[in-house]
Amino acid sequence: MVFLLSMLCLAGCAIGKNEETEVEQTESEALPKENLFLIVEHNMQEESICVHSLATGQLYYYEYGFSTRFKDKYGSMTPAVGFTPGRVVTIAPRDKDGYLTEVQLSDEVWEYEKVRRFQIDEDKGIFTIADTKYSIQDEVKIFSNGKEIGFSDISNEDILTVIGRDRKILSIVVTTGHGTLSLKNTELFEDSFLQLNSNIFAMITPDMQMEVPEGVYTLKVANDGWGGSAQIEVVRGKTTEIDLDTLKGEGKKRGLVSFEVDAEDVKVYVDYQLIDHTKPIELVYGIHVLKVEAEGYDAWKKYLSVNSEEATLIIELTENEDASKEENSETENETEETEKDATESLETTEI
C-alpha cells in the first residue's frame, strides 16, 4: 500500500452528515478581524483542514504541508493529530504557494475534559456541568469520532470534552470509547508518518502519544528504507504502548510503485528527478516528493509514503481553468470573426 499526503486544492469540504458545503477560498488578508476558528473537519490523509469562523459563521478551507507549524496554546510545537474537530484555533497567513503556515490552539477558550456530570436543557439553551450553567446556542457544534452530530445523539453515559469562552459553550466532543496510543523508541521514524488503517495519519514526534477511537488497527511506519506493520488494539480508557524498534525490520526495504496517469505527454518527477512513469520504479520505504506536470492541467504535487512491497498509484489531473478560459476565449473570438466575415460577405454580395 502507498498513501498520499495531498497538496492539492479542493473546491469545498464535507461537514456534518456527509453534506457538501461551499467553502470560501479567500486569501488570509480577507479573513475576519477576529482570528478565531473552530475546526469542523481535519483530513490527515489529504493534509487539509476546514474551519468555521466564530465571527462570521463562514467556512474556510486550507491545505497544509511539512512546513506548517502546529502549536499548542503556549506556542510550543505539537503534532497535527491533536487538532481535532471541535477545537478552537488561530490561523496565520498562507505562504506563497497557498499552504497554511501556522495553526495554534487558542488561549482565549477553555477546555474541560472527561466531563461526566452534565445536563442538557435544549429548550432553555442551558448546558449544566456539575453545578455550573452555561449557554448553548444554535451554532454550538457537537462531534463524535470526527463527525458532526446533534444533542439528541448524546447519551447520559457519554464522556465529553466541552470547549467554550466565558459562559458560552462553543463545541462539545463525545470522547467515550477512546484510548491512548503511546510510542517509544521513535528516533528512527521521527518526522515521518504513522498510519492507522486507511484514515488516520500523524507525523511521528519524540515519545509521541495520541488519543484514538477504540478498536483494532493495522499500524504502519516507514522512513529511510526502514519500516513495517503490526496489528494493534486500542482499548477504551487504556494506554497501548508500541515499541517502534520492533517495526523497523532487519534492513532497508524498497517498494515497487507503478503509475497510471489520465493525461498525455506527462512528466512525472520523484524527489525532483524526472522518471519514466510508464515503467514501475523502486523506491525506498519512507516519504518521497511526487510531482506531475502536463500541458493544460494544474500542477499536481503530493508527498508519497511508501510502506509496502508493491502498489499502483492512479493519478487524476485537473484541467487548468485559465487554459480552458483562454481556449474558450480563442474559440469565441474565432466565432465572432467568422460571423463578422460572413456578415460582411453578405453585405457586399450582389444578388
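Between which two strands does the loop that holds Thr101 lie?

## Thr101 and its loop

Thr101 sits in the loop between strand S8 (88-91) and strand S9 (102-105). Strands here are DSSP runs of E with at least two residues, numbered from the N terminus.

The model is predicted: local features need pLDDT of at least 70 and side-chain atom pairs pLDDT 80 or more, while totals for chains, interfaces and linings use all residues. Residues are numbered from 1 along each chain as its sequence is written, and side-chain values use heavy atoms, without hydrogens and water.

## Surroundings of Thr101

Thr101 counts as buried because its relative accessibility is 19%; buried means under 20% relative accessible area, with a 1.4 Å probe and protein chains only. A polar atom of the Thr101 side chain lies 2.5 Å from the backbone oxygen of Pro93.

Setting aside neighbours within four places in sequence, Thr101 is in contact (heavy atoms within 4.5 Å) with residues including Ser67, Arg69, Pro93 and Asp95.

## A three-stranded sheet

Strands S21, S18 and S24 form an open sheet in the order S21-S18-S24, with mixed pairing; two strands pair if DSSP finds at least two bridges between them. Strand S21 (209-213) and strand S24 (239-243) are the edge strands, each pairing on one side only.

S18 (residues 178-184) pairs with S21 in the antiparallel sense over five bridges. Val212 in S21 is the bridge partner of Gly179.

## Contacts of Leu194

Leu194 touches Leu181, Met210 and Leu219, among others, not counting residues up to four places away in sequence.

Terms used. Helix = DSSP H or I, 4+ residues; strand = E, 2+ residues; numbered from the N terminus. Buried < 20%, exposed > 50% of the residue type's maximum accessible area, 1.4 Å probe, protein only. Polar contact = N/O pair within 3.5 Å; in protein donor to acceptor, adjacent residues only side chain to side chain.
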